[in-house]
Amino acid sequence: MDCGIITSKTVLLFLSLMFWAAGAGLAYVGAYVIQRYNSFQSFLDDKTTLIPATIIIVVAAVMFIIGIVGCCSTLRESKIGLGFFMIIILLIFVAEVAAFVCGFVYMKRLNGELEKSMTTVFAKYDGTNTETRAVDLLQSQLTCCGVRNYTDWSSTSWFSSHNNTVPLSCCKTNNTECTGGLDQPGLLNTEGCEPKLEKLIQDVLSYAMLVVLGFAIIKFFGIISVCVITCRSRRNDYQQMYA
């Protein structure tokens with residue numbers, strides 16, 4: 001057995017064994033993106049954020065079975081099995097590239113759309129509705145206040161109808177003296193929520209895209225390895241036929 005075959009089999013076995021770990025990792029990434037989206041979905045009108053996550057989870061669901069097929073086909077040098085394995089790897093590779101591109105495109109579109117949708121949600125804040133709960137959760141978790149900064153609240157109906165105060169979710173953590181008045185900037189989180197939420201989403205998408213890109217590179221080498229083993233097997237068949 002020459003060096004090329006040994007190397008190719010090693011790559012494919014490694015790839016097959018990595019399918020289980022890859023499936024678990026991709027499932028976690030996809031679920032994390034969806035979970036973060038659900039936490040702040042009131043501020044995200046564009047649901048294209050979920051496209052990369054959905055693709056990742058679908059890919060992860062089939063990886064465990066594919067790993068078994070890959071191991072058996074590589075060890076037996078089965079042409080049918082390796083052909084099937086190569087088709088699956090190629091499809092996954094295309095899906096991962098598509099997820100990477102979708103994530104990249106969405107990151108470019110995020111800024112303007114996010115600020116517009118957040119401004120709409122903040123304007124509907126009345127202390128009791130769904131938008132209220134979403135805003136309070138956002139401001140508490142990200143320690144922020146307003147869209148661009150805490151003074152944005154001065155243009156809302158909540159501010160004018162509540163003695164010129166901002167919601168208590170703008171107050172710094174464990175501060176019992178905060179009343180929400182703009183004359184107490186030291187007791188308020190003064191940074192805006194839009195920059196923080198945008199950075200959070202971009203960080204999550206960047207992490208997901210890096211993971212997808214890494215696995216796509218592994219799949220690319222796997223495709224090459226299948227070609228090497230298949231071509232060698234065909235050459236051996238020809239040699240036996242004419243021996």
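The stops below cover the disulfides of this chain.

This is a predicted model, in which local features need pLDDT of at least 70 and side-chain atom pairs count only at pLDDT 80 or more, while totals for chains, interfaces and linings use all residues. Residues are numbered from 1 along each chain as its sequence is written, and side-chain values use heavy atoms, with hydrogens and water left out.

Start by selecting the cysteines. A disulfide here is a pair of cysteine sulfur atoms within 2.5 Å, and by this rule there are 3 disulfides.

Select Cys 144 and Cys 193, whose sulfur atoms lie 2.1 Å apart in a disulfide. This pair links distant parts of the chain, 49 residues apart: Cys 144 is in the loop between α4 (130-142) and α5 (157-161), and Cys 193 is in helix α6 (residues 193-241). Helices (H or I, at least four residues) are DSSP runs, numbered from the N terminus. The torsion about the S-S bond is about 95 degrees, so the disulfide is right-handed. Both cysteines are buried, meaning under 20% relative accessible area (1.4 Å probe, protein chains only).

Next, select Cys 145 and Cys 170, joined by a disulfide with an S to S distance of 2.1 Å. Their link is right-handed, with 80 degrees about the S-S bond. Cys 145 and Cys 170 are both buried.

Last, select Cys 171 and Cys 178, with sulfur atoms 2.0 Å apart. Cys 171 is buried at 11% relative accessible area, and Cys 178 is buried at 8%.

How values were computed:
Helices (H or I, at least four residues) and strands (E, at least two) are DSSP runs, numbered from the N terminus. Buried means under 20% relative accessible area, exposed over 50%, partly exposed in between (1.4 Å probe, protein chains only).
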